[in-house]
Amino acid sequence: MAEKILVFGDVGIDDTIALIYSYLNDQIDIVGIVADYGNISRENALANVHYVKNLLNVSENIKIYAGAEVPTHGRKPTYFPEIHGEYGLGPITPPVVTNESVNENFYEVVEIIEKYGDELIIVNIGRLTSLATMFILYQNLMNKVKAYYLMGGAFWVPGNATAVSEANFYADPNAANIVLTYANNVTIIPLNVTEQAIVTPEMVNYIDERGQVELVKPLLDYYYDFYKKRNPSIQGSPMHDALTLMATIHEKMLIYRTLPVTIVESIDSEARGQSIADIRPYENIKENQGKQHRIAFQLDYRQFFNEFMTVMTKEVVG
């Protein structure tokens, strides 16, 4: 049976590719999407999700909810149109979303969790503000969820928001800590592995030629242009969010360690959003640190390549 997945996302280009991958994958059943601020505004994220869902003629049963507009620390969020475009669709401007199609009843996410219970996997591929809010309001309910997969963090590797911090944890470190404090069965998919999940221009061109979604090439060409300017040696675009969704159904694609994790919350500190895992071997230290979480540290790129290309082209690769 396909995994029942509720997605929380800030819907930039990599989020959009992740959703397209999920829509095309028979092993994944998206049962709802919470669209948040982050890479783009919440309003634009909602327009993105509706546009892609309609373009791909995806099931009407997938409910779309308006999530958080600002982080828990209250400062105005920064958006990144130079990376993702105004709507998280690169050069594409989708139709305006009418008020009738926007579901601001955030509490209705509760109905999805109650309906699927321990069958449900929650995948957070954006800022963690909305997910943290669920734990503040409905902690007992959230403990019924089967598993949580979070795209976030950078453990002993460079960050992409600062020298030490990854963007999702950096934008709302308070929310990240709330989730890591209260959630059970958490898997963290950090930059350590997502930056290895590269889709090259050659892969994009092949998908454009053989795949069924014309949207992929303009999105990933736009995305790669940014990365190439920032790092001329990069060979393609990192699929941070698609890898996180893949991890829910491909256990052997990644190698993990289970460690205590904390996120630096000091908003004005250079270390804001830094993800710290305690690797000291002393059992008493681990016990005192509280919860431990599974963190991905190694990626089987060949398996990633085969899976991504097979789903996106509908041709068996590898």
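These legends describe close-up views of a predicted model. Local features need pLDDT of at least 70 and side-chain atom pairs count only at pLDDT 80 or more, while totals for chains, interfaces and linings use all residues. Residues are numbered from 1 along each chain as its sequence is written, and side-chain values use heavy atoms, with hydrogens and water left out.

**View 1. Helix α1, residues 13–24.** This helix (a DSSP run of H or I, at least four residues, numbered from the N terminus) has 12 residues and reaches 17 Å from its first C-alpha to its last, close to the 16 Å expected at 1.5 Å a residue, where the expected span is 1.5 Å times one less than the number of residues. In α1, 12 of 12 residues are buried (under 20% relative accessible area, with a 1.4 Å probe and protein chains only), among them D14, D15 and Y23.

**View 2. The largest nonpolar core, with 70 residues.** Such a core is a set of buried Ala, Val, Leu, Ile, Met, Phe, Trp, Tyr and Cys residues joined through side-chain atoms within 4.5 Å. Helix α1 gives the most to this core, with eight residues. Leaving aside neighbours within four places in sequence, I17 is in contact (heavy atoms within 4.5 Å) with V216, L219, L220, M239 and F308.

**View 3. R127 in the loop between β4 (120–124) and α5 (129–137).** R127 counts as buried because its relative accessibility is 4%.

Notes:
Buried means under 20% relative accessible area, exposed over 50%, partly exposed in between (1.4 Å probe, protein chains only). Helices (H or I, at least four residues) and strands (E, at least two) are DSSP runs, numbered from the N terminus.
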